[in-house]
Structures are given as structure tokens and as C-alpha cells.
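Subject: Structure for your files, with notes

Hello,

Here is the structure I said I would pass on.

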Amino acid sequence: MSSPMISLKSLTSKTTMNQLLATAKSGACASSSCGSPAKPDDVDPDTWEKIKDHPCYSEEAHHYFARMHVAVAPACNIQCNYCNRKYDCANESRPGVVSERLTPDQALRKVIAVANEVPQLSVLGIAGPGDACYDWKKTKATFERVASEIPDIKLCLSTNGLALPDHVDELADMNVDHVTITINMVDPEIGAKIYPWIFHDHRRFTGLEAAKILHERQMLGLEMLTARGILTKINSVMIPGVNDEHLIEVNKWVKERGAFLHNVMPLISDPEHGTHYGLTGQRGPRAVELKTLQDRLDGGARLMRHCRQCRADAVGLLGEDRGQEFTLDRIPGEVSYDASKRETYREVVARERGDHVAAKSEAIGMVKTAGSSGLLLVAVATKGGGRINEHFGHAKEFQVYEASAIGINLVGHRKVEQYCRGGWGEESTLDDVIAALDGIDILLCAKIGDCPKDQLTKAGVRVTDDYGYDYIETAISALYAAEFGLEPLAATA
Amino acid sequence: MAFRIIASQCTQCGACEFECPSGAIKFKGEAYVIDPEKCTECKGEFELQQCASVCPVPKTCIPA
Ligand code: SF4
Ligand code: SF4
Ligand code: SF4
């Protein structure tokens, strides 16, 4: 590739402004206009403008951009069987850990502190516990305050949809481009098994009646958003035996009403979270059941495969949570926004991204035209930038790519316990990592020691660090070529 | 006549505060409390007490 490799690493760790600029300026050109746009073929230009910096809406962007959530809206107007309100909202976040609840003013301080320190920050979301549309005053106050300080940050909210129709116009006025609605059913009979009650129009409804109202309000809200050009992501919680088959129908309904993305998430129902499902022994789906359902939904509304069910106060790239670095007690009482780091980072990304896109499309093209029916499942250790740049022992998750005649696609991720702690590896952890990699053909990482490498090989997972710091797709295409006896591509930076 | 909140059960979500038609519910110090002087039990406004209807935790907003 033509442009020199720019390390994104220096930008993702805490740095001084000078270091950042030095890194950015080491490239061939310092203008943000150079670097080809990375628009995928199946997205129109207007939509691409909206999603290109949003890590949840664009798989491509998730390599470069970070989101943060603030928990400012704890009140909720429905009860879900997978939620225990003493903990977080399960519709968008991992239950079990109470998030730090903030007032709109505290939230503003936190967003500024994060924007100053995490240059990848592009999205602010309000995603539980509670419902952002129901607890509207706090949501609105937070968005207004943040938007006036940091005008280019994207605002995003997540809702159960019941109160959504009441606020669509205000959302449009505030330039909220992205709304997530959790829709678990379009059939009230099924809804009645998921929602014990709703609070609407000043009273509590239960059973079929509740589910019917919720369903109608969800569909209305979605249609209203679509009519105003606001992109919607639909989250569905997959509950085996309750709505798993039914989600195929849900996918059809939401697609017809203009949903941009459908994200099927596994039910989390540990008994210790104290949810209705947890206590009644309702199980969550296994990884393979989830993937099978997602595969059946392909071709409907575009699927999100890189969701990490992040916490309601998560901060950082998807798959990373730096929330604990930014708790209120660590934030100074007075903070003022400094745009320089974020601006510099964007310039670097624009260039790096153009380069990545070229390498990626070349690699995918090769795999597609190879005419092989072979299929390869590859796990990758990465910390962003689209490269294989994480050490095996430091990885907390592996991203899973599938290479086949239809190209190279991200199909999921596997969470693992970090193997290497303080310089030495834990034997039992390695067993868990091996279990988590079940079904994976090859593991790619930036570096790995001989011992874990041997163990993994014995367990049937081939592993290599030969492609360390290469682009993910480039490395996978080379492996695919070697595997199925094709002409490999020349290595790219 | 008035309602009260069992503080040990309350999740402090604040839903009751903004649903109360009488402005009787406030966050005081560490917990949400109902001012018995202001609470009307929603009489004349709604059929059912709003705080009890919206509260996610059973038996948390109860008659005093
Ligand atoms: S919408 Fe969220 S906070 Fe409300 S009950 Fe459902 S999971 Fe819980
Ligand atoms: S009963 Fe009605 S008036 Fe009294 S505190 Fe509850 S919501 Fe307010
Ligand atoms: S609605 Fe119930 S849980 Fe929420 S603040 Fe009021 S009393 Fe507490």
C-alpha cells in the first residue's frame, strides 16, 4: 500500500497532544480530504454520512470509533421478564452491575472528560437502566447540554418504544440520528410471555392488552422515525422457546417499516441477577443457536453481528470498557472541552481508513473469485484499526471472521478471560480460552508464546502470529488461499 | 390519607416523582419520600394511585 503505516496505538492510549500530532504528521499528507471514502456498496451516500463514524451502526466504523453511555434516565414504563431494576436495563446492557446514575450536569462533565481523553469518541448514547423516552426530561436536558458543548458528537438513544411516538419530533429537532428500539415480538400472545405489565396513559396494563398496546406503539414509533429519516436499530432479545422462531417474523415486520439494522442478542438470565427469567430457569441461547438464527435472518433487515451488549455506562471502543477510568470521583469538578485530540484523530483515521478499505476489498475480491467452496472460521485478536494488533495473552475477546465464497465477514466475537496477567499465563484460563474457541480453525494474533501456542495446536486450533499488524482481511485471504490451494495475494502493509 | 414509600425497597428510579399529580414526591437526602400534606391519593385525578401503578417494585408505594 502507498501510505506508510500509521500506528493507531499511540492514539488509543493516553497521550500528550504533542505525541499525537507527531504521530499524525508522520503520514504522507496532513489534510483530512485525502483518503478514499470507505463506503460499502450497499449503502447510499446519505446514510453512509450518518453511520460512518458510528461504531454500532457500521461494522467498518467499529474498528475506529468509540461510544460512551451515560445512565441518566432510570425511570421505566414497562417491566420485562429479563430485567431486575435493581440492576441495569437488560435491553441494552449487561445486567448484574449497577451503573453509575448521573444527573444531566454530571453527565455533561463526564462526556467532556471522556472526549478530552479518548480521541475515538464519536457517539453518546443513553441506554438504560430505564427508558430514555419515558424519562424524557433528563434525556433531553443531557442531549441539549452535550450538543451545545460538543456539536459534532452523535446522539443516540435506546428505548422500549412505548413512549417513543410522543418524542419523535423533538428527537428530529435535536438531530438525533440513531434510535434503538427493543422489539421482541409482533404477536401480543408472545409479548404477554415477555412483559408482565406496562404503564401507559396513567395506568397499568397487563397480559395481552399490555402487549398489544406496546406492539402498536413500537410499530408507530418505528414508522415515524423512518418517515423523518432517523436511522433505527432494532434490538431483539432471543429467548429460547419463547420468541426464537418468532424473531424471523419480527425481522420481516421491522424491515418493512424501514429498520436499518437488526441486532439479535442472546438472553442473559443468570439466577443471581434476580430477574424473572433467571429465577424461573429460563435459559439463554447457546452461541451456535444464536448464529444459526442470525444466518437465517440474513437477507432480511441488515444484521448487526458485532454487538457486545455493552453496559449502560460503557466507555471506549466496542469490546472495550474504560468506564471505570471515568467514574465521577475521578473527574474534576470543572472540565472544559478541548477539541484538538478528537480532530487530529479524525484526520489520521480518514487516511488509515482509505488504505484499509483498499486492502480489504482486494482481499475479499480474491476470496470471492477463488471459486472455492471452502469455509474457514478465523478468530482474531485486535484492538482496533482493522489490524491484527493484540497479543494473545492480552486479548479479552476474539473477533470471529468467516471466509467463504461470499467473502470475508465478521460473524461474531468470543469473550475470554485474559490469559496473561502480570507476565505469566494461567493454566486453567487457557483451558477456558480453548473451550471458547470451539469450532475455530485458525487464530490470528500479534504475538503468542510457545507454551500456549502448543496447547492450542494440541486442542485443534491452529494459531499464528506471522501476520501480526497486518490488516485482518489481508491475512485471512492469504490463509484462505493457502488452505484451498489458490494463488496468494502479495502481502500488504 | 396519604401514600408512603418503603425506602428499603425503592430502586430510586424516580418514576413516581414525575407521575405524581400533586407534586408530593421528592428526593430528600438519601431517598424518595411522599409529603403526606400534599398527597391526595390521586383522588379526583386518576382512578388509581400513580406512584403505586408505576413503581416497578411490588408493595413499595403503599397506603400510609
Ligand atoms: S425496558 Fe429496560 S429498564 Fe425497562 S423493564 Fe425492560 S429491560 Fe428493564
Ligand atoms: S398517591 Fe398519588 S398523590 Fe399520593 S404520592 Fe402517590 S401519586 Fe402522588
Ligand atoms: S417508582 Fe418506586 S422504585 Fe421508583 S423511585 Fe418511586 S418508589 Fe422508588
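The notes below go through the sheets, an aromatic pair, the helix contacts and a hairpin.

Please keep in mind that this is a predicted model.

Five-stranded sheet, chain A

Chain A has an open sheet of five strands with mixed pairing, in the order β13-β12-β11-β16-β17. At its edges stand β13 (407-415) and β17 (462-464) of chain A; each has a single partner strand, so one side of each is left without a neighbour in the sheet. On average, neighbouring strands here are turned by 25° against each other, direction ignored. Strands of a sheet pair through backbone hydrogen bonds, either parallel or antiparallel. For β16 (residues 442-444) of chain A and β17(A), the pairing is parallel and consists of three bridges. Within that pairing, A:L443 stands opposite A:V463 of β17(A).

Aromatic pair

Over all chains, the structure holds five aromatic pairs. One of them is formed by A:F392 and A:Y419, with 5.7 Å centre to centre and 55° between the planes, which counts as tilted. A:F392 sits in the loop between β11 (376-380) and β12 (397-404) of chain A, and A:Y419 in the loop between β13 and β14 (420-421) of chain A, so the pair ties together parts that are 27 residues apart in sequence.

Three-stranded sheet, chain A

There is also an open sheet of three strands in chain A, ordered β2-β6-β7, with antiparallel pairing. Its edge strands are β2 (78-79) and β7 (203-206) of chain A, and each pairs on one side only. Two bridges connect β2(A) with β6 (residues 197-200) of chain A, and these strands run antiparallel. Here A:Q79 is opposite A:W197 of β6(A). Helix α8 (residues 207-227) of chain A packs on this sheet and touches β2, β6 and β7 of chain A. The direction of α8 makes about 105° with that of β7(A).

How do α12 (residues 340-369) and α15 (residues 472-483) of chain A cross? Their axes come within 8 Å and cross at roughly 20°. The two helices are therefore roughly parallel to each other, and α12(A) passes α15(A) in a left-handed crossing. On the α12(A) side, the contact is made by A:H356, A:A359, A:K360, A:A363, A:I364, A:M366 and A:V367, which meet A:E473, A:T474, A:S477, A:Y480 and A:A481 in α15(A). By class, this contact of α12(A) with α15(A) has seven nonpolar, three polar and two charged residues.

For α9 (residues 247-256) and α11 (residues 287-297) of chain A, the axes come within 10 Å and cross at roughly 35°. The crossing of α9(A) past α11(A) is right-handed. A:L247, A:I248 and A:N251 of α9(A) make the contact with A:L293, A:R296 and A:L297 of α11(A). Sorted by class, the residues between α9(A) and α11(A) are four nonpolar, one polar and one charged.

The crossing of α13(A) past α14(A) is right-handed. A:E427, A:L430 and A:I434 of α13(A) meet A:P452, A:Q455 and A:L456 of α14(A). This contact of α13(A) with α14(A) divides into four nonpolar, one polar and one charged residues.

Hairpin, chain B

In chain B, strands β2 (residues 25-28) and β3 (residues 31-34) pair in the antiparallel sense over four bridges. B:K26 has B:V33 of β3(B) as its bridge partner. The two strands, β2(B) and β3(B), form a hairpin with two residues between them. B:G29 lies in the turn and has a positive phi of about 65°.

Regards

Definitions and conventions:
Residues are numbered from 1 along each chain as its sequence is written. Chains are lettered from A and ligands numbered from 1 in the order in which they are written. This is a predicted model: local features need pLDDT of at least 70, side-chain atom pairs count only at pLDDT 80 or more; totals for chains, interfaces and linings use all residues. Side-chain values use heavy atoms; hydrogens and water are left out. Axes are lines fitted to C-alpha atoms, for helices over the stretch in contact, and angles run from 0 to 180 degrees between N-to-C directions. Angles under 35 degrees count as roughly parallel, over 145 as roughly antiparallel, 65 to 115 as roughly perpendicular and the rest as oblique. A crossing is left-handed if the near helix is turned anticlockwise from the far one by less than a right angle, and right-handed if clockwise. Contact means heavy atoms within 4.5 Å. Ala, Val, Leu, Ile, Met, Phe, Trp, Tyr, Cys and Pro count as nonpolar, Asp, Glu, Lys and Arg as charged, and the others, Gly among them, as polar. Two strands pair if DSSP finds at least two bridges between them. Rings of Phe, Tyr and Trp (its six-membered ring) pair if their centres lie within 6.5 Å; planes under 30 degrees apart count as stacked, over 60 as edge-to-face and the rest as tilted.
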